[in-house]
Amino acid sequence: MGSDALILIRGGRVFTAARDAPWAEALVISGSQISGVGRLDELLERFPGASTIDVGGRTVLPGLIDAHNHFLATGESLSSVDARYPGTATVEDLVRTLAEVASRTPAGEWITASGFDDAKYDELLTRWDLNRASDAHPIRVHHVSGHHVFVNSAALELRAIAEDAPDPQGGRLVRDANGRLTGQCLDAAMNLILPVALDIGAHGPNFHTQTTIEESVAGVERAGRAFLEAGLTTVCDAQVTRRELKAYREARRQGKLGVRTVCMPLSHQRDDYRSLGLAGPFGDDHLSIGAMKFYADGSLIGGTAAFEEPYGEHGELEGSMYWSPAELQDMIVAAHTDGWQVGVHVQGDRAMAAVLDALEAAVAAAPRDHRHRLEHAGYPTPALVERIARLGAITINQTNYLHDSGDEFLARLGDRAHKLQPLRDELNAGITVVLSSDSDVTSYRPLDTIRSAIERRTRTGAPIGTSQALTLEEALRAHTISAAYALRMEDRLGSIEVGKLADIVVIDGDLTHVAAEEILSLGIWLTLLDGEVMHARDPSLSF
Ligand SMILES: [Zn+2]
């Protein structure tokens, strides 16, 4: 469209995400900016020459923002074998699919599957199962959490991992009762098995696999398109190494980046950034560096989150920390001092106490508008909620976990499962609550996340902490303006207000009048980024 063409969007309900006037009748965009929002009659009078889009009773939202996902990894999973439950109903299903893929893949090439969740099956997945799919291809099956991988014997051989290989710091090679490797590699042990692009030490799970830049750009393009079709206009990759940064830069150069992208460099690069004199925020509205990412403990889905009280069906899970509390504090204080906003992966209450100790020390030494982020923030007890509020930290939550893995959480955590992600308590305490997907751990579609935040039901329909459920309006804020705040972009994104960038999404239905379980069936009718049509269900809608 022309640079200052005026477009009036009318005929639906407009959720603005503005505090004082959250709903409006219409809006006007001019080029890449929002020029008016409010009552239709007033806008018609103020902008007489505007052309009109009538959205026919649909719901208009600010462009949705995913403040924590894994953009490139999502693109890669979209082209690998889908091992997600319930599509993969049994281990045998998975073996059969992998064997079929192996039959048309040259011997010696990696075969990759993603989204596998061992907690859904009675049987264990072992290398001997995967050997039945192929012994001529190294096979790896990524756990849905991103924290584990299951491999066959060919992969162990390729990577020269012997039966007596020692466990690395921050990880474990799982063994059976006879001491034999089962092929399951936890957390930092993934470094040993994957054809990784770089060494990240014990700084997090290493899913930064070797790919060519062409493959990476193709993955970014694929995921970027899927995001726009799902109503996302901005995403933040929560674990960026030089591999991802190069892919996003090259994709942008080629015009294939799709969505606005914020990068969170992983903590292993702290010294490098320091020597460059570089800390986020840095970049522009399409590609930037945001917070630095740290890991405190393991994953809730994988049973490695660090709780004060052991958990698991037999009380067998204690969880694991990536660092000692003192190491974590040293790193976080140093990053804060260098000027970084930090985002710390933290699930269990034991880990969260250590993270808050570190953040409190950092902020006390050098107070500022820090916006430090707690990624996932699975189990903050009431005392921890109070500390988060006092500190002014932000929680970045994934309510899809409660749906996808809620039945396992209930079995493993009992009553504590109802207090996971206590978003109502957090809002009451004044904490900025953000919703995100952690894709490809869960669905990247914001409507899935919004539904799970409102419903708080497991995959089998069991309630999980329903007293902590959000209202539709709260969930929308958490996926728009609060997410923009976490990314330090709330002055130009996250709400439909005059002067902001024209990132607009139209849901294909009336979001305010459907039952929560029907939200998923609504698609996205229109996605505008910078006022340009990036996705339209109705192909005649171009302007
Ligand atoms: Zn993540």
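**Close-up views of a predicted model**

**View 1. The zinc site.** His68 (NE2), His70 (NE2) and Asp438 (OD) coordinate the zinc ion at 2.1 Å. Donors are N, O and S atoms within 2.8 Å of the metal (3.2 Å for Na, K and Ca); water is not among the atoms, so sites may look incomplete. Along the chain, the donors of the zinc ion are spaced H-x1-H-x367-D. Histidine 70 sits in the loop between strand E8 (64–69) and helix H2 (71–77), and aspartate 438 in the loop between strand E23 (433–435) and helix H16 (446–455), so the pair ties together parts that are 368 residues apart in sequence. Helices (H or I, at least four residues) and strands (E, at least two) are DSSP runs, numbered from the N terminus. Histidine 70 and aspartate 438 are both buried. Buried means under 20% relative accessible area, exposed over 50%, and partly exposed in between (1.4 Å probe, protein chains only).

The model is predicted: local features need pLDDT of at least 70, side-chain atom pairs count only at pLDDT 80 or more, and totals for chains, interfaces and linings use all residues. Residues are numbered from 1 along each chain as its sequence is written, and side-chain values use heavy atoms, with hydrogens and water left out.

**View 2. The six-stranded open sheet.** The 6 strands run in the order E3-E2-E7-E24-E25-E26, with mixed pairing. Two strands pair if DSSP finds at least two bridges between them. Strand E3 (23–24) and strand E26 (532–536) stand at the edges with a single partner strand each, so one side of each has no neighbour in the sheet. Strand E25 (residues 524–529) and E26 run antiparallel, joined by 4 bridges. Here leucine 526 lies opposite alanine 536 of E26.

**View 3. The four-stranded open sheet.** In this sheet of 4 strands the order is E5-E4-E1-E6, and the pairing is mixed. Its edges are strand E5 (33–38) and strand E6 (51–54); each has a single partner strand, so one side of each lacks a neighbour in the sheet. From one strand to the next, the twist averages 20°. Strand E1 (residues 6–10) is parallel to E6, with 4 bridges between them. Isoleucine 9 has isoleucine 53 of E6 as its bridge partner.

**View 4. Helix H10 against helix H11.** Helix H10 (residues 325–337) packs on helix H11 (residues 349–365) at an angle of about 35°, with the axes 8 Å apart. Axes are lines fitted to C-alpha atoms, for helices over the stretch in contact, and angles run from 0 to 180 degrees between N-to-C directions. On the H10 side, the contact includes Leu328, Ile332 and Val333; on the H11 side, it includes Ala354, Ala358 and Ala362. Contact means heavy atoms within 4.5 Å.

**View 5. Glycine 298 and its surroundings.** Glycine 298 lies in the loop between strand E19 (292–295) and H10. At 0% relative accessibility, this glycine counts as buried. Among the residues that glycine 298 touches, not counting those up to four places away in sequence, are His147, Asp187, Tyr322 and His345. Glycine 348 is 50 residues from glycine 298 in sequence and 8.6 Å away in space, C-alpha to C-alpha.

**View 6. The covered strand E16.** In strand E16 (residues 260–265), 6 of its 6 residues are buried. Arg260, Val262 and Met264 cover one side, and Thr261, Cys263 and Pro265 the other; all are buried. Strand E15 (residues 232–240) runs parallel to E16, joined by 5 bridges. Valine 240 pairs with proline 265 of E16 as its bridge partner.
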